[in-house]
Amino acid sequence: MKKLFLFICLVAALSSQAQQLSKEAKFGLVTISTGSSEDAIYQIWGHTVLHLNDPVNGINECYDYGTFSFDQPGFVVKFLKGTLPYKMAKYDFQPFIDHYKFKENRSASEQILNLSAQQKEDLHQFLTNNYLPENREYKYRFFYYNCASRIRDILQQVCKDSLQFSPTLHADSTYREWIDKYASKKKPWMNFGMSLAIGLPSDEKTKESGAMFLPENLSVGFDSATIVHDGVIQPFVLGKIQHTAVEPPSVSSSIFSPFVVFSLLFGLVAIFTFWQIKSGNKKLFFDKIFFSILGIAGWFFLGLWFVTDHGVTEKNMNVIWAFPIMFPMIFFVKKTAITKLLLWIYALINIGLLLAWGYKPQGIPLAIIPIILTALIRVAFILKNNHGFKINS
């Protein structure tokens, strides 16, 4: 019985590999709109899949390069290190569309791709082979190798030089700017955290190809792309189908944005510092907490820089204000021979950062300015009283 089962599976696999598409077969790029779920952060960016519809052969399925498993052993560690594997998945098309419409309240539109019969066969064979268990996983990269850019690369591989994208499309935007566009209003605190975690590579211009790491940009890129068939330049998109349409999600804004919260912190710390100076209070309880948080944040940024494999968290200038040495240096502040020079260095490089704010190569959120000002006030307070810490602190 076991041998019979294996024989049936082998025959089915060979049949799948050898199946020829009919003349009615069409490939389309399906773009799912952004979502509004407070829990599913991934919905912010939208989603995209390839759709194959061949009514003659009874094929109506989509190929999805954006799936991962929360049950993956060591999920959190792999996610933080940038080694979480993503998988290609294949679904029946209509249930897939219904899920996004009824479960997530998201629209779905499709662009029918202008592919030759041979290109359709090549694409089908590629996807069929890629869906084999040993080939499904790939090394995910948020900017460079995700559900959208993977499809871009596959179609470029199948169509070769006959497929051309507009060289002026999205030429002046960076990866960081695209993230801000989608996340700054919907999830300001999440966007703030992401902007801190990514380094200088995120400030590169995406140009036309790189911008397609976002599903909506991939769709726009396909709209303006051309393809050559029999020596004739033609549009890459033959037509569009709106499968489902829902109202765009409402965006609820909060007054307590990162900039507002940290500006309030700066104001409170300024008042507190003034009170300490007037009253002669030299205790550093607040500083031990505050600079420990900054230092730990700095070590976290260094970990993302040197230990992880994300590719976009390197060369992070946020270690200037989140100075790693602050933790545990702040607990030895009374040892002036060790700490005085470091505090002066910390103050000067942060003053330099503020003065060169408009010219710095990396985008740093404006909400960091009140944090830097808070740190400078406390460093000035510590340096002013650096020789007078004889009382308990």
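**Exercise 1. Helix α7**

Task: in this predicted model, determine which residues of helix α7 are buried and what covers them.

Solution. Step 1: locate the helix; α7 spans residues 188–197. Step 2: apply the cut-off, under 20% relative accessible area for a buried residue. Met190, Asn191, Phe192, Ser195, Leu196 and Ala197 are buried in α7. Step 3: look for the elements over these residues. The cover includes α6 (175–183), α10 (258–279), α11 (285–306) and α14 (368–384). Step 4: relate the list to helix geometry. With 3.6 residues a turn in an α-helix, residues three or four places apart point the same way.

**Exercise 2. Isoleucine 330**

Task: state where isoleucine 330 lies in the chain, whether it is buried or exposed, and which residues it is in contact with.

Solution. Step 1: isoleucine 330 sits in the loop that runs between α12 (326–329) and α13 (336–355). Step 2: its relative accessibility is 1%, so isoleucine 330 counts as buried. Step 3: with neighbours within four places in sequence set aside, isoleucine 330 is in contact with Asp287, Lys288, Phe291, Ser292 and Ile382. Step 4: take the C-alpha to C-alpha distance to isoleucine 289, which is 8.9 Å, against a sequence separation of 41 residues.

**Exercise 3. Strands β3, β4 and β6, and threonine 67**

Task: work out how β4 pairs with β3 and with β6, then describe the setting of threonine 67.

Solution. Step 1: β3 and β4 (residues 85–92) run antiparallel and are joined by 5 bridges. Glutamate 61 has aspartate 92 in β4 as its bridge partner. Step 2: β4 also pairs with β6 (residues 137–139), in the antiparallel sense, over 3 bridges.

Step 1: threonine 67 belongs to β3 (residues 59–67). Its relative accessible area is 16%, and threonine 67 is therefore buried. Step 4: apart from neighbours within four places in sequence, threonine 67 is in contact with Tyr86, Lys87, Met88, Ala89 and Tyr91. A polar atom of the threonine 67 side chain lies 2.7 Å from the backbone oxygen of lysine 87.

Key. Residues numbered from 1 in each chain as written. Predicted model: local features only at pLDDT ≥ 70, side-chain atom pairs only at ≥ 80, totals over all residues. Heavy atoms only, no water. Helix = DSSP H or I, 4+ residues; strand = E, 2+ residues; numbered from the N terminus. Buried < 20%, exposed > 50% of the residue type's maximum accessible area, 1.4 Å probe, protein only. Polar contact = N/O pair within 3.5 Å; in protein donor to acceptor, adjacent residues only side chain to side chain. Contact = heavy atoms within 4.5 Å. Pairing = 2+ DSSP bridges.
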